[in-house]
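Here's a quick briefing on one helix pair and a couple of residues around it. Have a look at the model first.

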Amino acid sequence: MASFLDPLIAFVSAHPWLAYLTLFLAALLEAVPVVGSLVPGSTIILALSALVPGGELKLWAVLAAAIAGAALGDGTAFWVGHRSQREILSVWPLKNYPAMVARSEAFFQSRGALAVFFARFVPPIRAFVPVTAGALGMPPLRFYGVNVPAILVWAMAHVLPGVFAVSTLHEYFGPHHHGTAKHLWMLAVLGGALVAALAIWIIRRRQGDGGIEPARPLK
């Protein structure tokens, strides 16, 4: 695995703008309904945060790319739902995922506007909540009032742990093994993502997809 990661790190060092573009697209696509359920955006952001302590990437630029991508993705999805209202929930591709649409609506039943905040941290439902919020008639000011703080917290929660962890590991292993910390963090992130994906798949297989009633529109 180290033989794979070393060329990747070297490539990012030589072309950092591609890494920032990747971060932007990862955050953006996570907010796209259906697509966001398949793109491992959080995993990509967590993994690439390991390159900040060594100077391959800049902290402010990593945060800016993640925040900009998430804001554009959530905002676009919300306005599509806002303009189309509930009709958008019954057309392709959303009509092929009635269970996820129902879950996102149920989020509003239990938490109201704060569902927009909490959903940003709950994959894969975060890919459906912004468009559902617009479709249910949530006022734009209320949406952005909750969504913007959620994105800021989400971005820091995905970038700073990697920065702190790799910085700590750098000090532990010493300057002669500066690449070890990056390898360990990236491997931990990838391994954790695989375990989480497997656990979610098993839970869904056991629970099934039914049993969630659609929510009433937000006032």
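At what angle do helix H2 and H3 pack, and how far apart are their axes? H2 (residues 16-30) and H3 pack at about 150°, with axes 8 Å apart. So H2 runs roughly antiparallel to H3 (over 145 degrees between N-to-C directions counts as that).

A word on the source: this is a predicted model, where local features need pLDDT of at least 70, side-chain atom pairs count only at pLDDT 80 or more, and totals for chains, interfaces and linings use all residues. Residues are numbered from 1 along each chain as its sequence is written, and side-chain values use heavy atoms, leaving out hydrogens and water.

**H2 against H3**
- Residues of H2, including Ala 19, Leu 23 and Glu 30, meet residues of H3, among them Gly 41, Ile 44 and Leu 48 (contact means heavy atoms within 4.5 Å).
- Seven residues of this contact are nonpolar, three polar and one charged.

**Glu 30**
- Glu 30, found in H2, is buried, with a relative accessible area of 3% (buried means under 20%, with a 1.4 Å probe and protein chains only).
- Its side chain makes a 2.9 Å polar contact with the side chain of Arg 126 (a pair of N or O atoms within 3.5 Å, one able to donate a hydrogen and the other to accept it).
- A polar atom of the Glu 30 side chain also lies 3.4 Å from the backbone nitrogen of Gly 41.

**Ser 49**
- Ser 49 sits in the loop between H3 (41-48) and H4 (59-84).
- At 0% relative accessibility, Ser 49 counts as buried.
- Beyond neighbours within four places in sequence, Ser 49 is in contact with residues including His 158, Val 163 and Trp 185.

Notes: Helix = DSSP H or I, 4+ residues; strand = E, 2+ residues; numbered from the N terminus. Buried < 20%, exposed > 50% of the residue type's maximum accessible area, 1.4 Å probe, protein only. Axes fitted to C-alpha atoms, helices over the stretch in contact; angles between N-to-C directions. Parallel < 35°, antiparallel > 145°, perpendicular 65-115°, else oblique. Nonpolar A, V, L, I, M, F, W, Y, C, P; charged D, E, K, R; others polar.
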